[in-house]
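Please open the model in your viewer and keep the sequence panel beside it. The tour below moves from one selection to the next and says what is found at each stop.

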Amino acid sequence: MKYLFAAAMLASAVVGFSEAASAAEGCGRGFYRGPYGHCRPMRGAVVVRPAPVYVAPPVVVVPRARVCPYGFRWYAGRCRPF
């Protein structure tokens, strides 16, 4: 009896998976159902290409020379008198 039950479960699983594979909704291979129920052809394959890689030239930042007037020196982020 348990073998008969196992065979029935296996058969129902096979039937269940075979119906899930028919996703064409009755239109056939390469077609799908449109919004009003008509069969419409599927478009071509979707090709996803990687985006081009742009390499910018390196940017060199040269610090500006600090020039303080006569009698001052650069200290703590600003020109200060001696």
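Begin by selecting Cys68 and Cys79, which form a disulfide with their sulfur atoms 2.1 Å apart, in what is a predicted model. This pair links distant parts of the chain, since Cys68 sits in the loop between S2 and strand S3 (72–75) while Cys79 belongs to strand S4 (residues 78–81), 11 residues apart. Turn the view along the S-S bond: the torsion there is about -85°, so this disulfide is left-handed. Cys79 has a relative accessibility of 29% and counts as partly exposed.

Next, select Cys27 and Cys39, whose sulfur atoms lie 2.2 Å apart in a disulfide. Cys27 is in the loop between H1 and S1 and Cys39 is in strand S2 (residues 39–41), so the pair ties together parts that are 12 residues apart in sequence. With -80° about the S-S bond, this link is left-handed. Is Cys27 buried or exposed? Its relative accessible area is 15%, and Cys27 is therefore buried, under the 20% limit, whereas Cys39, at 38%, is partly exposed.

Now move to Gly28, which is placed in the loop between helix H1 (2–21) and strand S1 (31–33). Gly28 is partly exposed, with 30% relative accessibility, and its C-alpha atom is separated by 9.6 Å from that of Pro41, 13 residues apart along the chain.

Finally, show the whole protein, which has 1 helix and 4 strands in the order α-β-β-β-β along the sequence. Of its 82 residues, 4% are buried, and the protein exposes about 8,400 Å², with carbon and sulfur atoms supplying 65% of that area.

Technical notes. Residues are numbered from 1 along each chain as its sequence is written. This is a predicted model: local features need pLDDT of at least 70, side-chain atom pairs count only at pLDDT 80 or more; totals for chains, interfaces and linings use all residues. Side-chain values use heavy atoms; hydrogens and water are left out. Helices (H or I, at least four residues) and strands (E, at least two) are DSSP runs, numbered from the N terminus. Buried means under 20% relative accessible area, exposed over 50%, partly exposed in between (1.4 Å probe, protein chains only). Accessible areas come from the Shrake-Rupley method with a 1.4 Å probe; for residues, only the protein chains shown count as cover. A disulfide is a pair of cysteine sulfur atoms within 2.5 Å.
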